[in-house]
Amino acid sequence: MWKHILVKLAWKSSKSNSVGSNSSTNNNATSLDKPDKPKAISPSSVLPTEPESTSNYSHVMEKHEIFLKKLDLCCIPCDFSDRAKDYSEDKESKRQALIELVEFLTSCNEQLSEPMIIALCRMFSINLFRVFPPKIRSKPGPTGGVDIEEDDPVFDPSWYHIQIVYDLLLKFITSSLVDVKIARKYMDNSFVSKLLDLFDSEDPRERDCLKTILHRIYGKFMSHRPFIRKEVSNIFYRFVFETDRHNGIAELLEVFGSVISGFAKPLKEEHKVFLWKALVPLHKPKTVGTYLPQLTYCVMQFIEKEPKLASTVIRGLLKYWPVTNSQKEMMFLGELEEVLEATDMAEFQKCMVPLFRRLAQCLNSSHFQVAERALFLSNNDHLVNMISQNRQVILPLIYPALERNARWHWNRSVLNVTMNVRKMFFEMDENLLLACESSFVEEEEKKAASEERRRLIWERLENFTANGTGSGSAFSPAIGSELGFGVPPPVVAAAPLVA
């Protein structure tokens with residue numbers, strides 16, 4: 001019995017010594033710093049004695065308890081609506097606790113237990129998942145009205161804390177000490193869906209953090225990949241067909257640019273549907289310029305994976321081609337050139353007729369930059385080579401537009417480039433160009449004759465009305481024939497149905 005009591009006393013003294021040494025090195029009793037490196041052990045003492053192992057276990061459990069208590073402290077929300085109280089003591093203590101949690105995950109060597117993972121996910125949900133206020137960014141204008149400043153970014157006042165929470169979430173996702181099977185239970189579809197909703201934040205710093213985190217989640221939690229693709233598609237659908245407003249489309253496309261580059265060949269049908277139903281309609285909104293580089297990169301990744309999709313993309317561009325927005329039209333011409341650069345002959349022939357009908361309209365645009373950008377497509381050697389092999393179909397479509405530019409366009413630069421393009425086609429096939437020119441002259445003569453006939457008809461009608469010939473009388477077929485109007489055939493009554 002005495003021997004048993006002496007062993008207990010020796011264990012307590014060793015525990016108090018270890019606690020005392022730790023308190024002497026750290027002033028803060030609740031610090032989560034990395035424990036000191038173990039000293040070199042002699043071969044005779046490889047197996048620890050029972051009191052030493054018990055002391056280490058109690059020290060680890062104590063650190064875990066402190067970790068959970070600090071997570072509970074960080075779950076207390078802070079009010080950032082009053083800017084005068086931004087640096088209150090409560091907010092500062094929470095910020096210090098968050099910093100210590102990040103340091104703990106950085107220096108931790110033990111596997112995170114399930115209660116710790118649960119507490120972490122709970123803290124992430126409380127601090128990050130929130131409903132954004134309505135987008136009201138306005139100030140009194142010079143005339144006393146409301147002047148909306150669309151280009152000015154809005155910074156979240158709670159970023160003081162949220163930034164550290166995002167750092168902690170990134171450490172948690174990338175840590176090798178987190179069991180993926182356990183973390184997947186608590187970072188479930190609901191968690192991912194709420195995380196994707198945060199991409200609508202107006203703070204560009206938050207969207208940049210979310211971009212990195214979503215990429216890491218997609219890479220680590222493979223079971224979440226189909227759900228993430230589906231949810232991102234739904235975000236695109238709501239943006240294009242319902243709200244026409246979302247702040248994080250560019251960041252989502254940037255993430256999916258790297259995702260698409262990892263798709264295996266041949267592409268699955270699901271991925272092709274994502275291109276046609278989610279990515280191509282993103283050309284429709286008027287704000288496409290804010291994310292067009294990322295969208296073009298995603299589209300080009302699909303074409304590089306499967307060149308047969310080039311004609312699908314070109315038809316989609318023609319479907320959503322802008323009519324009244326010249327700046328957007330220039331952006332479409334730039335993307336079209338990139339797509340055509342990666343298009344082979346078979347796919348080009350599938351869509352060349354509607355494509356060059358649209359390009360002919362761009363050539364005759366009254367906006368000189370649109371016309372000039374369309375003419376500069378002739379500098380692309382790959383495109384010129386495909387046009388040369390299909391000139392019998394393409395040249396009759398675009399020659400009238402070139403001739404109208406040469407005769408009537410107001411801009412000198414457009415006129416000069418048009419003459420260069422005509423010269424290129426003349427050298428390509430002189431006989432075909434002369435035939436197109438002859439056909440154009442005939443069409444213009446017919447059009448001029450039709451316009452003259454119409455002018456004479458209206459002149460006769462005005463004279464007929466001015467002389468008062470038709471006052472008080474019906475407009476008879478004889479008078480209509482005299483003025484040049486065609487006489488409609490007489491209406492024949494339908495025969496009665498016989499029972």
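This is a predicted model: local features need pLDDT of at least 70, side-chain atom pairs count only at pLDDT 80 or more; totals for chains, interfaces and linings use all residues.
Reader: Which residues have the most contacts inside the largest nonpolar core?

Author: The general idea comes first: in soluble globular proteins, nonpolar side chains tend to be buried together. Here, the largest nonpolar core holds 124 residues. Phe124, Phe172, Phe236, Leu279 and Phe356 have the most contacts inside that core.

Reader: Let's pick Phe236. What does Phe236 touch?

Author: Leaving out residues up to four places away in sequence, Phe236 touches Ile249, Leu252, Leu253, Phe274, Ala278, Leu279 and Leu282. Phe236 is also one of the α9 residues that meet α10.

Reader: How do I describe two helices such as α9 and α10?

Author: In general, two packed helices are described by the angle between their axes and the distance between the axes. In this model, α9 spans residues 225–243 and α10 spans residues 249–261. Their axes come within 12 Å and cross at roughly 145°, and the crossing is left-handed.

Reader: Which residues of α9 and α10 meet?

Author: From α9 come Ile228, Arg229, Val232, Ile235, Phe236 and Phe239; from α10 come Ile249, Leu252, Leu253 and Phe256. By type, this contact has nine nonpolar residues, one charged residue and no polar ones.

Reader: And across the whole chain, how much of the contacts comes from residues 24 or more positions apart?

Author: Among contacts with a separation of 6 or more, such residues account for 75%.

Conventions. Residues are numbered from 1 along each chain as its sequence is written. Side-chain values use heavy atoms; hydrogens and water are left out. Contact means heavy atoms within 4.5 Å. A nonpolar core is a set of buried Ala, Val, Leu, Ile, Met, Phe, Trp, Tyr and Cys residues joined through side-chain atoms within 4.5 Å. Buried means under 20% relative accessible area, exposed over 50%, partly exposed in between (1.4 Å probe, protein chains only). Axes are lines fitted to C-alpha atoms, for helices over the stretch in contact, and angles run from 0 to 180 degrees between N-to-C directions. Helices (H or I, at least four residues) and strands (E, at least two) are DSSP runs, numbered from the N terminus. A crossing is left-handed if the near helix is turned anticlockwise from the far one by less than a right angle, and right-handed if clockwise. Ala, Val, Leu, Ile, Met, Phe, Trp, Tyr, Cys and Pro count as nonpolar, Asp, Glu, Lys and Arg as charged, and the others, Gly among them, as polar.
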